[in-house]
Amino acid sequence: RTMVSASHPSALTWLVRVVMSCVLSIATLARAQESVDCLVCHDDAELTAERNGKKVSMHFDPELAKQSVHATVDCISCHVDLDGVKDWPHKARLAPAECGSCHDEEFESMAAYWNSTHGKAVRTGNKDAPRCQDCHGSHYVWKRTDPRSPAFLLNVPATCTQCHASGAPIARAGVLSRDQVQARYKDSIHGAGLFAQGLKVGAVCTSCHTAHAILPRTDPASSIHKDH
């Protein structure tokens, strides 16, 4: 069998996957899935799939993952809809990983997020709304103090402006002004202090808007409401 949405680089690669899929189908009858099973396909740097009309990589780098805070986490711990599946390869699309399945204590304290502009948008099914992994990373999650983390201080402006910049999905939807948010920030005294002078005490997006309790500036509970 082959993954319907996957792009196979060669006939030899395709044949290897077919053979391995048959082996895995038999093997998983006797035991639960392991991450090594997933790597039969996803360790291939050329493995791709189509998402919303675009070709995206489905490659998973196990060596890079070993450096992540999730180094000891099995694939099915996050991709829970694969738990117990014995028919390999799996369906093309999987449900989004739910970080709360492990980080339950953090989720219980995340009322601020679920009541925020972002959290409310997620609950209404808005595909552009950011979930945990959009800001913290998905397969390769680094500590916030690690320069590779999207939540690292110097990376926060770039992380936020993936959506909040002119021409980005959120700006095109008319939710925000079409001003060049990132350019304005870099040209400001805060941006110059951070990027040009390396002053890590400088303010980034989350310093004023907060990381999780983001609300419209007209909301009295917002950190940027005029009364605050």
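Visitor: Which residue lies over the face of Trp142, and at what distance from the ring centre?
Guide: This is a predicted model, so side-chain atom pairs are counted only at pLDDT 80 or more. A charge sits over a ring if NZ of Lys or CZ of Arg is within 6 Å of the ring centre and within 35 degrees of the ring normal. For Trp142 the residue over the face is Arg148, and the distance from the ring centre is 3.8 Å.

Visitor: Which residue lies over the face of Phe195?
Guide: The distance from the ring centre of Phe195 is 5.8 Å in this case. The residue that lies over the face of Phe195 is Lys186.

Visitor: How many aromatic pairs does the structure hold, and what is the angle between the planes of Phe60 and Tyr140?
Guide: The structure holds 3 aromatic pairs. One of them is formed by Phe60 and Tyr140, which are stacked at 5.8 Å centre to centre, with an angle between the planes of 20°.

Visitor: How many residues apart in sequence are the parts that this pair of Phe60 and Tyr140 ties together?
Guide: Phe60 lies in the loop between strand E3 (54-57) and helix H3 (62-65), while Tyr140 lies in the loop between helix H8 (132-136) and H9. Phe60 is buried at a relative accessible area of 17%, whereas Tyr140 counts as partly exposed at 22%.

Visitor: Is the pair of Tyr113 and Trp114 stacked or edge-to-face?
Guide: The ring centres of Tyr113 and Trp114 are 4.9 Å apart, and the angle between the planes is 70°. Tyr113 is buried, with a relative accessible area of 7%, and Trp114 is partly exposed, with 23%. Since planes over 60 degrees apart fall in that class, the pair of Tyr113 and Trp114 is edge-to-face.

Visitor: What arc do the buried residues of helix H12 cover around the axis?
Guide: The buried residues of H12 (residues 189-196) are Gly191, Gly193 and Leu194. They lie on the same side of H12, and on the other side Ile189 and Ala196 are exposed.

Visitor: Is Thr161 buried or exposed?
Guide: Thr161 is placed in the loop between helix H9 (156-160) and helix H10 (169-172). A polar atom of the Thr161 side chain lies 2.7 Å from the backbone oxygen of Pro157 and 3.3 Å from the backbone oxygen of Ala158. With a relative accessibility of 11%, Thr161 counts as buried.

Visitor: Which residue has its backbone oxygen 2.6 Å from a polar atom of the side chain of His228?
Guide: His228 is found in the segment after helix H13 (205-209) and is exposed, with a relative accessible area of 60%. Leaving aside neighbours within four places in sequence, His228 is in contact with Pro220, Ala221, Ser222 and Ser223. The residue whose backbone oxygen lies 2.6 Å from that polar atom of His228 is Ser222.

Visitor: What is the phi of Thr210?
Guide: Thr210 is placed in the segment after H13, and its relative accessibility of 26% makes it partly exposed. Although Thr210 is not a glycine, its phi is positive, at about 70°.

Definitions and conventions
Residues are numbered from 1 along each chain as its sequence is written. Side-chain values use heavy atoms; hydrogens and water are left out. Helices (H or I, at least four residues) and strands (E, at least two) are DSSP runs, numbered from the N terminus. Buried means under 20% relative accessible area, exposed over 50%, partly exposed in between (1.4 Å probe, protein chains only). Contact means heavy atoms within 4.5 Å. A polar contact is a pair of N or O atoms within 3.5 Å; within protein, one must be able to donate a hydrogen and the other to accept it, and residues adjacent in sequence count only if both atoms are side-chain atoms. The arc is that of the directions from the helix axis to the C-beta atoms. Rings of Phe, Tyr and Trp (its six-membered ring) pair if their centres lie within 6.5 Å; planes under 30 degrees apart count as stacked, over 60 as edge-to-face and the rest as tilted.
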